[in-house]
Amino acid sequence: MKVSTRFRYGLRAILEIAANGGDEAVSIARIAEAQGVSAKYLEHILKGLLRAGLVQSHLGAHGGYNLGRPAEAITLLDVMEAVGDHADVVECVSHPETCDRHRDCPTREVWCGVSEQIRAIWRGFTLADLQRRPAPDLHPFGS
């Protein structure tokens, strides 16, 4: 399974919002600058997070985005699905109509099982879990 850029940037954006307490509105410009992502691209991604209720938007001089739910209640799977991604290893898992052989495919059960295991992994991590992790050591052999 390959993780999309949309998911990676969406996760980074929502973690940036969560890092600011989750209640304080964070502007797209601030998220874009902190994460090194285009504000225009982020706007598209944040719309998906907004539709899913993972973030809330606020207009005005101090507008921006804050978390729509507590960080403990937002899983990585929630973020993945909000940005339009899926954890399926093959398309026929969620869209069997895309394959003429889905009714009698000897491997479909395997793909469904693997996809469910992957979903369980993504569902097993929350934003709060990632916030609690120590910052990575960017210089593993000293400075």
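Visitor: Where is T75?
Guide: T75 lies in the loop between β2 and α4 (76-82). Helices here are DSSP runs of H or I with at least four residues, strands are runs of E with at least two, and both are numbered from the N terminus. This is a predicted model, in which local features need pLDDT of at least 70, side-chain atom pairs count only at pLDDT 80 or more, and totals for chains, interfaces and linings use all residues. Residues are numbered from 1 along each chain as its sequence is written, and side-chain values use heavy atoms, with hydrogens and water left out.

Visitor: Is T75 buried or exposed?
Guide: T75 counts as buried because its relative accessibility is 13%. Buried means under 20% relative accessible area, exposed over 50%, and partly exposed in between, using a 1.4 Å probe and protein chains only.

Visitor: And what does T75 touch?
Guide: Leaving out residues up to four places away in sequence, T75 touches W122, R123, F125 and T126. Contact means heavy atoms within 4.5 Å.

Visitor: Switching to α2, which of its residues are buried?
Guide: In helix α2 (residues 28-35), the buried ones are I28, I31, A32 and Q35. They cover an arc of only 100° around the axis, so they sit on the same side of α2. That arc is taken from the directions from the helix axis to the C-beta atoms.

Visitor: What about the other side of α2?
Guide: There, A29 and E33 are exposed.

Visitor: What covers the buried residues, then?
Guide: The cover includes α1 (5-19), α3 (39-51) and β2 (64-67).

Visitor: How do α2 and α3 pack?
Guide: Their angle is about 115°, and their axes are 9 Å apart. Axes are lines fitted to C-alpha atoms, for helices over the stretch in contact, and angles run from 0 to 180 degrees between N-to-C directions. The angle therefore makes α2 roughly perpendicular to α3. Under 35 degrees counts as roughly parallel, over 145 as roughly antiparallel, 65 to 115 as roughly perpendicular, and the rest as oblique.

Visitor: Which residues meet there?
Guide: I28, I31 and A32 of α2 meet A39, L42, E43 and L46 of α3.

Visitor: One last thing, what comes after α2?
Guide: G36 follows α2, and its phi is positive, near 65°.
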